[in-house]
Amino acid sequence: MAKEKDVKEKDAKEKDAKEKDAKEKVAKDKVAKDKPKKADEKPTKKTVDEDLRHIVRILNTDLAGKKQVHMALTGIKGVGRRCAKLFTDRAGVDPFATLGLLPDSEIDKLKKVVEEDANSILPSWMVNRRGDIETGTDIHVMGMDLNMTLREDLDLMKKMRSYKGIRHERGLRVRGQRTRSSGRTGAIVGVSRKALPAAAAPAAKE
């Protein structure tokens with residue numbers, strides 16, 4: 001009788017444990033259904049604005065449209081942050097706006113200022129070519145014109161056989177730097193030392 005009683009109690013406990021597990025499982029499934037998904041709360045990727053132009057062309061240079069206006073303008077050779085700030089102020093454009101989201105009218109204003117009015121906007125101490133050789137005026141050279149002007153200046157120095165022109169021509173340091181230890185190029189390797197006179201050798205041994 002005692003054994004039958006123990007078996008019945010054991011079966012009752014197992015039955016209660018199974019019912020408890022089943023209730024807990026149902027409660028968890030209900031909570032999981034009610035809980036919103038993470039994908040609904042936060043999108044995995046930011047939606048890119050369809051109106052954004054990724055490339056804006058000013059002064060024959062492709063500028064990044066995702067950058068702010070004053071930083072994107074520095075992509076033009078010869079334009080720094082100070083020049084870019086003056087250009088945006090004259091054009092009436094917000095320097096911290098995204099370049100690719102600007103309307104066409106503001107981009108046209110910016111183009112006109114950079115391409116046509118740069119020399120009149122910048123003060124004489126800020127331009128990069130004061131006292132031009134041909135015109136004698138102070139001008140600011142930008143974009144591809146800057147590379148061409150530099151090349152022409154180097155060619156002129158080489159033709160007139162000035163010291164700087166000859167150094168440029170030979171590929172040597174131009175601004176008075178030392179060349180004994182640095183700037184050593186070419187096929188010669190090692191240090192060449194003067195040979196000791198034949199008579200000095202026995203004297204040294206004595």
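1. Basis. This is a predicted model; local features need pLDDT of at least 70, side-chain atom pairs count only at pLDDT 80 or more, and totals for chains, interfaces and linings use all residues. Residues are numbered from 1 along each chain as its sequence is written, and side-chain values use heavy atoms, with hydrogens and water left out.

2. Make-up. The chain has 9 helices and 2 strands (DSSP runs numbered from the N terminus: helices are H or I, at least four residues; strands are E, at least two). From the N terminus, the order is α-α-β-β-α-α-α-α-α-α-α. Of the 206 residues, 21% are buried (under 20% relative accessible area, 1.4 Å probe, protein chains only).

3. Helix 4. This helix spans residues 81–91, with C83, A84, F87, T88 and A91 buried. Seen down the helix axis, these residues fall within an arc of 130°, so they line one face of helix 4 (the arc is that of the directions from the axis to the C-beta atoms). They pack against helix 3 (69–72), helix 5 (104–116) and helix 6 (118–121) (contact means heavy atoms within 4.5 Å). Just after helix 4, G92 takes a positive phi of about 75°.

4. H140. This residue sits in the loop between helix 6 and helix 7 (144–159). H140 is buried, at 9% relative accessible area. A polar atom of its side chain lies 2.8 Å from the backbone oxygen of G78. The backbone nitrogen of N128 lies 3.3 Å from a polar atom of the H140 side chain. Leaving aside residues up to four places away in sequence, H140 touches G78, C83, N119, L122, M126, V127 and N128.

Notes. Buried means under 20% relative accessible area, exposed over 50%, partly exposed in between (1.4 Å probe, protein chains only). A polar contact is a pair of N or O atoms within 3.5 Å; within protein, one must be able to donate a hydrogen and the other to accept it, and residues adjacent in sequence count only if both atoms are side-chain atoms.
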